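Please open the structure in a viewer and keep the selection tool at hand. The stops below proceed from the whole chain to individual side chains.

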Amino acid sequence: MPRTRTRLALAGAVAAALLLGGIATGPAAQADERHGEERTLAELAQRHGRYFGSATDNPELVDAPYTALLGSEFDQITPGNGMKWYATEPQQGVFDFSQGDEIVDLARANRQKVRGHTLVWHSQLPEWLTAREWTAPELRAVLKKHVQTVVRHYRGKVFAWDVVNEAFNEDGTYRETIFYRTLGPGYIADTLRWAHQADPHVKLYLNDYNIEGIGPKSDAYHRLAKELKAQRVPLHGIGLQAHLALQYGYPATLEDNLRRFARLGLDTALTEVDVRMQLPATEEKLALQAEWYRDLTAACLAVRRCVGITLWDYTDRYSWIPGFFPGEGAALPWDEDLRPKPAYFALRGALGEN
Ligand code: XIL
């Protein structure tokens, strides 16, 4: 069912078209836009057999204009925080699915699919887990119970899980997390097996940042994935977070990288896309950002096993960037007033609008 784009989006469309230049925006064209039915990003992506999604977070769901766009433009959502360990098991053995369930219910209402994020990560762990020492058998039992309880709860409700998040350092060595230190590298295979037992149908991913291009860190995933496949460990995909930054350059080997994972028989997904910049945002930076959004979309579309793209929220109003990278921001395709930026139109172009 075609959906109509909002008036807000239209105002931005005209502005951005003018900004990018060279696009006819006479009164007739504008009227045409206003009355015509515009395909959403999701619908454009579906024509390529891909999804187009956004992260979201529970506190934002009271913002009606925000949720309207979230529900109409995307066919996939990821909870930004609601399924993390601190949220789902705040006390040992006491599970709380209220936040994750709210996201799943919203997705159901909007006929969107959900990526589960995330089962095992060194960050945003509950106090009870980090504040004491565990023996290997103790931690193994804690980990197994957490993973299986959460995966079982969301069985049939999420199509994929980020099972282990951010397991490697930049140089390709294992990150010294509580899990690695206590259990050794085998915790990754064990967790994948436990998750698979709990939901044999859900797609299991390893997910990380700075693995968009070919380099020591993505090499580590390639090596590990190959080993896991050889050992018949249930692994179905690699999630490339794609938290990009204009000042570090575009990962030009993205497409090659996606292909080498595909050759291992793995899906890939761009799971947490944003393209930040040093503030203030200028016309030039926003134009370059638009090119990056276009290029990363084209790379995914060029590789059959790249199954979809998820923005790490869709509007600068709720981006995590300013809070984590002081002085940086403007990372998403919609601005703080929910107006589409050049990046939005670049996405449409890359997804083959027209
Ligand atoms: C971020 C959330 O967006 C923030 O709200 C939270 O305070 C910190 O975590 N990589 C990940 C995500 O895998 O879980 C992170 O999300 C962003 C970086």
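Helices (H or I, at least four residues) and strands (E, at least two) are DSSP runs, numbered from the N terminus. On that basis the protein has 15 helices and 10 strands. This is a predicted model, in which local features need pLDDT of at least 70 and side-chain atom pairs count only at pLDDT 80 or more, while totals for chains, interfaces and linings use all residues. Residues are numbered from 1 along each chain as its sequence is written, and side-chain values use heavy atoms, with hydrogens and water left out.

**The whole protein**

Select the protein and display its surface. The accessible surface (Shrake-Rupley method, 1.4 Å probe; for residues, only the protein chains shown count as cover) comes to about 14,900 Å², and 51% of it belongs to carbon and sulfur atoms. Buried means under 20% relative accessible area, exposed over 50%, and partly exposed in between (1.4 Å probe, protein chains only); of the 354 residues, 55% count as buried. A contact means heavy atoms within 4.5 Å. Among contacts between residues at least 6 apart in sequence, 77% join residues at least 24 apart.

**The ligand**

A side-chain N or O atom of Asn 165 lies 2.9 Å from an oxygen atom of the ligand. For Gln 124, a polar side-chain atom is 3.4 Å from a ligand oxygen atom. Glu 166 places a side-chain N or O atom 3.3 Å from a nitrogen atom of the ligand. The protein covers 82% of the 410 Å² of accessible area that the ligand has on its own.

**Strand β4**

Move to strand β4, residues 160-165, and select Asp 162 within it. Asp 162 counts as buried because its relative accessibility is 1%. Its side chain makes a polar contact of 2.9 Å with the side chain of Arg 115. Not counting residues up to four places away in sequence, Asp 162 touches several residues, among them Gly 116, His 117, Tyr 205 and Asn 207.

**The disulfide**

Finally, select Cys 300 and Cys 306. A disulfide is a pair of cysteine sulfur atoms within 2.5 Å, and in this pair the sulfur atoms are 2.1 Å apart. The link of Cys 300 and Cys 306 is left-handed, with -100 degrees about the S-S bond. Both cysteines are buried.

Notes
Polar contact = N/O pair within 3.5 Å; in protein donor to acceptor, adjacent residues only side chain to side chain.
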